[in-house]
Amino acid sequence: EAVRNVVAVGADPGKMAILDNFCWPSVDDEKTMGTLVRACEACRDAALAYGIPFISGKDSLHNQFTDSETGRVIRIPSTLLISAIGIIDDVRKCVTMDLKDPREGRLLLVSPSGNSLAERIATHRAVSSVIRGGLVRSCHDVSEGGYLTAVAEMCIASGLGADVEPADADSLFAEVVGQYVIEVEALAQDDVTSAITGLGGVVRELGRTSPDPRLQIARLQSDRSQTMDLHVFVEDMTKAWRGTLDW
């Protein structure tokens, strides 16, 4: 996710570095120490597969509290934060997540061809390449909440709407690792798709941008006719995102 965040604005994975920050309970416990070791090994594996070096980091251990009366030990969840930095050759080619074209924008979902680290890094490089080539209007990585949440955040950032046509209902909030949502011009869609697939990524058209400030989700019926299942206004999404939780 750290890599995707910097790729999404135009950084080149070949000119990138990462840092780690471990927050763990006391490693006097064998299980806790084991999870720390395995996390370190996973960091090593990912850095080698991506060809992206760790240049610094820190740790904060013994994050726990012992109740003096009951003797109960309360431990924080073991947490690893990865931060990424990258070199941008031309900042004028950076992109942001807000939708740009209210009428002709095409929304594409870019995914790895498989679940291996090599296939994921191929996707990161493919997205980075088309962004640096000036073919992408906006880009947002897919993380918590899946691609529908990513599209919603792109709408919130811009005030524009989007019409999304999911392949199936189960995919709407699926958190597939390594995905991006990109906005491209209609005339550039074929070139972008060809470039990304040629570099190992998988592209599927999600929908289009809209001047109507609402997010619409359509479902394709068996006869290929469209039935509108859901729409939500960007203003309502913005209020929910900026608001607070009801207790």
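Visitor: How do the residues lining the largest pocket divide into nonpolar, polar and charged?
Guide: They split into 14 nonpolar, two polar and three charged. Nonpolar covers Ala, Val, Leu, Ile, Met, Phe, Trp, Tyr, Cys and Pro, charged covers Asp, Glu, Lys and Arg, and the others, Gly among them, count as polar. Bear in mind that this is a predicted model, where local features need pLDDT of at least 70 and side-chain atom pairs pLDDT 80 or more, while totals for chains, interfaces and linings use all residues. Residues are numbered from 1 along each chain as its sequence is written, and side-chain values use heavy atoms, leaving out hydrogens and water.

Visitor: What makes a residue part of that lining, and which ones lie nearest the centre of the largest pocket?
Guide: A lining residue has an atom within 4 Å of a pocket point; on a 1 Å grid over the protein atoms alone, a pocket is an open set of points where a 1.4 Å probe fits, with protein on both sides within 12 Å along at least five of seven lines. Here 19 residues line the largest pocket, and E1, A2, A46, Y50 and I82 lie nearest its centre.

Visitor: Which element gives the most to this lining?
Guide: That's α2, with five residues. At least two residues each come from α1 (2-7), α2 (30-50), β5 (79-86) and α3 (117-132). Helices here are DSSP runs of H or I, at least four residues, and strands are runs of E, at least two, numbered from the N terminus.

Visitor: Why are β2 and β5 called edge strands?
Guide: Two strands pair if DSSP finds at least two bridges between them. The open sheet has three strands in the order β2-β1-β5, with mixed pairing. β2 (54-60) and β5 each pair on one side only, so they are its edges. From one strand to the next, the twist averages 15°.

Visitor: How do you know that β1 and β5 pair, and in which sense?
Guide: β1 (residues 16-23) and β5 share eight bridges, in the antiparallel sense; the cut-off is two, so they count as paired. Along the way, N21 stands opposite L81 in β5.

Visitor: What lies across these strands?
Guide: α2 lies across β1, β2 and β5, running at about 175° to β1. Angles run from 0 to 180 degrees between N-to-C directions, with axes fitted to C-alpha atoms (for helices, over the stretch in contact, meaning heavy atoms within 4.5 Å).

Visitor: What makes H62 worth a look?
Guide: Most residues other than glycine have a negative phi. H62 is not a glycine, yet its phi is positive, about 60°. You'll find H62 in the loop between β2 and β3 (64-66).
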